[in-house]
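Student: Please take one part of this structure and go through it closely. I would like the geometry, with the cut-offs behind each term.

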Amino acid sequence: MTERIGPEDDDLLLVIDVQNDFCGGGALAVPEGEAVVPVINALAGRFGHIVLTQDWHPAGHLSFASSHPGRQPFETAELGYGPQVLWPDHCVQGTQGAAFHAELALPQAELVLRKGFRPAIDSYSAFFENDQKTPTGLGGYLRERGLGRVFLCGLATDFCVQFSALDARRLGFETVLIEDACRAIDLEGSLAAARAGMAEAGVLTVTAGQIG
Ligand code: VGL
Ligand code: ZN
């Protein structure tokens with residue numbers, strides 16, 4: 001599809017987790033994760049509103065494999081709220097790994113939303129934690145600010161970006177995924193599943209070149 005799309009004055013660019021630990025050399029490096037940085041920097045000038053999310057875990061977080069003796073990263077555990085992938089320790093509050101990529105240049109961002117800070121619940125989505133009921137407050141923020149469509153980019157396509165997109169749809173926002181401004185972890189087919197799930201939920205997928 002080559003149609004051009006937005007952005008309108010009340011559209012939001014939601015930048016998910018562009019943090020050192022998800023980039024080359026990081027604790028949970030997403031293949032080519034840092035490649036999203038120049039794409040997002042270039043897109044940002046076209047949006048009137050930008051919100052960043054920051055994965056922000058306390059040491060010993062329950063999503064870390066290291067908190068489950070005998071378990072390895074990328075295995076799945078059953079937690080109180082359902083299945084949870086166990087990750088290498090990453091994005092620990094206040095560490096360099098949790099900092100935004102140094103070349104991400106978005107000083108105009110209006111809000112930095114931290115998530116995943118509750119020791120026993122992970123939060124992939126920018127809107128709800130992984131129990132699917134604890135809100136982060138972002139839905140209310142967007143409503144109160146009168147922001148309409150949500151354009152998503154960042155890391156990782158098949159985890160935090162996907163969960164954010166599905167929740168944005170669940171809350172009734174028009175939702176657009178900027179595919180080449182995202183990169184995926186792709187655990188056992190998770191990228192294909194994410195693409196299918198987002199399409200089914202009515203998430204529109206575009207490329208950065210279609211915006212503006
Ligand atoms: C993420 C796994 C664990 C992400 C965050 O940003 O996609 N993935 N924490
Ligand atoms: Zn995390």
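Tutor: The zinc ion (ligand 2) is coordinated by Asp-55 (OD), His-57 (NE2) and His-90 (NE2), at 2.0 to 2.2 Å. Donors here are N, O and S atoms within 2.8 Å of the metal (3.2 Å for Na, K and Ca); water is not among the atoms, so sites may look incomplete. The model is predicted: local features need pLDDT of at least 70, side-chain atom pairs count only at pLDDT 80 or more, and totals for chains, interfaces and linings use all residues. Residues are numbered from 1 along each chain as its sequence is written, chains are lettered from A and ligands numbered from 1 in the order written, and side-chain values use heavy atoms, without hydrogens or water.

The arrangement around the zinc ion (ligand 2) is irregular because its 4 donor atoms subtend angles of 89 to 169 degrees. Four donors would be tetrahedral with all angles between 85 and 135 degrees; four are square planar and six octahedral if opposite donors are over 155 degrees apart and all others between 65 and 115; anything else is irregular.

In sequence, the donor residues follow the spacing D-x1-H-x32-H. His-57 sits in the loop between β2 (50-55) and β3 (76-79), and His-90 in the loop between β4 (82-85) and β5 (111-115), so the two tie together parts 33 residues apart in sequence. Strands (E, at least two residues) and helices (H or I, at least four) are DSSP runs numbered from the N terminus.

Elsewhere in the backbone, a cis peptide bond joins Gly-6 and Pro-7, with omega about -15 degrees; Pro-7 belongs to the segment before β1 (12-16).
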